[in-house]
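Work through the exercises below with the structure open. Each task is followed by a solution in steps.

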Amino acid sequence: MNVGYQTARSASNDQLRKLLAGAPVRIVVLLIAFVWTLPSAGLLVSSFRPPDDITNTGWWTVLSHPFESSVWTLQNYDQVLNAHGLANALLNSVLVTVPSVVIPITIAAFAAYAFAWLEFPGRRFFFTVVVGLMVVPLQMSLIPLLRLYTQMDLNGTFLGVWLAHTGFGLPLAVFLLFGYISTLPGEIIESARVDGASPLTTFTRLVLPLSVPVIASFAIFQFLWVWNDLLVALVFLGTKEEVAVVTARLAALVGRRGEQWQVLTAGAFVGMAVPLFVFFSLQRYFVRGLTAGSVKG
Amino acid sequence: MTTSAPAQTPRTSLLSPLTAGPLRVLVSLIVPLITFLALRWAFIFMRSAEANKLLVGVVALIIGVGGVWALYLVTDNLVSLLPEGVRETVRPFVFVGPALVILTAYLVYPVLRTVYLSFLDARSQDFVGLDNYAFALTSSDMLIALRNNVLWLIFVTGFVVSLGLVIAVMVDRIGRLEPIAKSFIFVPMAISAVGASVIWRFVYSFQPIQRPQIGLLNAVFTALGGDPQGWLILRPWNNFFLIAIMIWTLTGFAMVVLSAAIKGVPGELLEASRIDGASEIRIFFGVIVPYIRGTLITISTTVLIMVLKVFDIVFVMTAGQYDTEVIANRMFREMFTYGNFGRSSALAVVLLIAVIPVMIYNVRSLEQSRR
């Protein structure tokens with residue numbers, strides 16, 4: 001990795017040297033990227049192969065004759081989506097995820113605004129509590145909530161999961177949104193107040209539009225968190241086909257059909273498609289959101 | 001939003017200190033309570049009506065998402081009707097109250113309750129003292145789980161941070177290829193742990209010796225002259241094959257964050273060291289690493305917390321069998337498979353105790369930032 005940075009006699013000589021010196025680094029990085037991609041590539045390729053081929057030959061063998069139509073099929077996807085109910089599970093995942101993202105953001109935005117710009121007794125204390133709750137493992141909440149839900153007939157309902165994700169996501173959401181909203185210039189907020197705007201008007205017309213970047217970052221983080229979550233979904237929704245989300249169904253399929261690779265490969269990609277799409281289309285916000293949201297408990 | 005009603009002078013000032021407290025609580029409760037009741041009603045109604053699922057979803061979305069907003073607006077308007085002296089002392093609780101109520105219901109109360117349950121027996125009836133903790137910290141099953149958690153913490157955190165750092169430094173020097181290489185290494189972060197587990201189950205897949213190997217690892221291993229192995233039942237090494245999955249998902253994350261920090265190292269600082277004749281290795285340890293120390297600590301704690309609670313990978317890959325148990329998976333099994341709520345609670349408390357230093361650190365930094 002010794003990159004020669006000695007001053008060269010001429011510019012072109014220097015450039016050539018840099019290029020040569022950079023080559024090993026470049027090769028190593030590309031090699032790492034290749035190794036990192038290989039496992040997913042294997043699964044993706046296999047998901048389009050006929051079941052017999054998957055279990056009889058390695059997926060890499062297909063690369064020697066990729067243009068024969070007999071080596072590719074869509075039947076695995078047809079099978080998992082319909083016979084194994086993943087189409088339904090996808091719909092459930094959407095139904096679970098959207099409110100589980102929007103509700104905590106709404107509640108957190110109102111609260112963050114109050115913490116930043118309104119005076120009330122206990123303000124500092126409550127905010128300290130929020131920060132303290134941020135890293136509490138959600139395992140601490142599962143048993144009491146499960147019992148409460150059983151009493152209220154909420155087990156296995158979307159409502160129960162939405163509220164659970166809202167509760168678990170709230171400390172981080174309040175913290176992040178507060179960090180942003182509290183740095184908005186005080187003069188703007190003050191002048192709105194002088195002009196007779198109520199706190200609510202200030203919030204909806206001024207604070208909320210200005211906070212779009214931080215809301216977007218948190219939304220992406222929370223979306224990924226909820227979509228990819230298994231634990232909360234297993235505990236409060238279960239694996240029954242009517243309500244189970246993609247991750248829960250997939251985990252159940254691994255348990256029951258651990259060697260039926262045609263099901264597992266296609267199933268895994270069905271579950272990944274949505275987050276991968278979000279990843280590639282919103283990469284910049286995605287990184288920002290993940291970075292910001294990395295302290296969640 | 002409306003302009004104030006005429007002030008009712010002496011009565012309000014007398015009223016305000018007495019009524020403000022209960023009113024604040026009341027106002028805090030309105031939004032969560034009504035949303036909850038409306039949604040519950042809608043669910044029960046639709047469940048009985050056997051309505052089309054998509055319709056149920058859309059209705060639920062409207063109530064859940066729109067309803068929350070509407071309730072805030074209504075509550076705020078209600079507060080505006082209050083006498084002037086009380087109004088502005090109650091109003092902040094329209095905004096902050098619902099969050100406080102939900103945090104209390106979903107975190108504060110359950111945490112206290114779980115601590116309490118951890119001192120009761122399996123069915124939460126009799127007090128058993130520290131029995132559950134004795135199980136959690138000394139039983140032979142749990143000793144394996146604790147050992148594995150330590151392995152996970154050391155190896156995942158160590159590899160993710162050091163590998164992420166090395167890749168971040170290298171990727172900084174490859175010019176135009178940088179964004180593409182980063183994307184490829186970062187992608188696993190978007191994949192669920194369940195998805196990642198399926199991907200790696202396939203890599204570790206095992207076929208009997210005469211058959212062609214379809215798992216990448218066994219194919220490479222047999223090509224090099226070895227006999228095919230069932231990697232996931234190969235104690236104690238199977239733990240490391242599970243650990244590799246988490247390293248695979250998190251390294252890209254560490255790389256992206258550290259790469260951003262490295263780009264913040266001033267160019268003059270690097271130039272100056274180079275002119276002084278420092279080698280690249282020395283610049284790395286003497287200039288870059290100290291400069292990004294804060295980010296390194298943050299990312300290490302973040303990864304530590306994630307690893308501590310590792311559940312999905314173990315649950316999907318081995319369900320904790322073959323000596324691959326970890327605390328969070330055992331906690332889940334005690335709860336659902338064995339129905340032992342005392343032990344399960346004690347295991348959750350063990351996880352909580354492990355993160356308390358981070359919690360204290362966060363609260364301290366908050367206190368400092370306030371000064």
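**Exercise 1.** Determine how many residues of chain A are in contact with chain B, and describe that side of chain A.

Solution. Step 1: in this predicted model, 97 residues of chain A are in contact with 88 residues of chain B. Step 2: look for the element that contributes the largest share of the chain A side; this is helix α1 (residues 11–47) of chain A, with 16 residues. Step 3: sort the chain A side by residue class, which gives 68 nonpolar, 27 polar and two charged residues. Step 4: for the complex, the predictor reports an ipTM of 0.87 and a pTM of 0.88.

**Exercise 2.** Find which residues touch the most other members of the largest nonpolar core.

Solution. Step 1: the core holds 200 residues. Step 2: those touching the most other members are A:A108, A:A111, A:A112, A:Y113, A:V174 and A:L177. Step 3: helix α4 (residues 86–117) of chain A supplies the largest share of this core, 19 residues. Step 4: take A:A112 and set aside its neighbours within four places in sequence; A:V174, A:L177, A:F178 and A:I181 are in contact with A:A112.

**Exercise 3.** State how chain B is divided into domains, and where its pLDDT stays under 50.

Solution. Step 1: chain B has domain 1 (18–117) and domain 2 (141–342). Step 2: their C-alpha centres lie 41 Å apart. Step 3: chain B averages a pLDDT of 86, and 92% of the residues score at least 70. Step 4: over residues 1–14 of chain B, pLDDT stays under 50; the model has 15 contacts beyond four places in sequence for this stretch.

Notes. Residues are numbered from 1 along each chain as its sequence is written. Chains are lettered from A and ligands numbered from 1 in the order in which they are written. This is a predicted model: local features need pLDDT of at least 70, side-chain atom pairs count only at pLDDT 80 or more; totals for chains, interfaces and linings use all residues. Two residues are in contact if their C-beta atoms, placed from the backbone, lie within 7 Å. Helices (H or I, at least four residues) and strands (E, at least two) are DSSP runs, numbered from the N terminus. Ala, Val, Leu, Ile, Met, Phe, Trp, Tyr, Cys and Pro count as nonpolar, Asp, Glu, Lys and Arg as charged, and the others, Gly among them, as polar. Domain bounds come from an automatic or database domain assignment. A nonpolar core is a set of buried Ala, Val, Leu, Ile, Met, Phe, Trp, Tyr and Cys residues joined through C-beta atoms within 7 Å. A residue is buried if 20 or more other C-beta atoms lie within 10 Å of its own, exposed if 12 or fewer, and partly exposed in between; C-beta atoms are placed from the backbone. pLDDT is the predictor's confidence in each residue, from 0 to 100.
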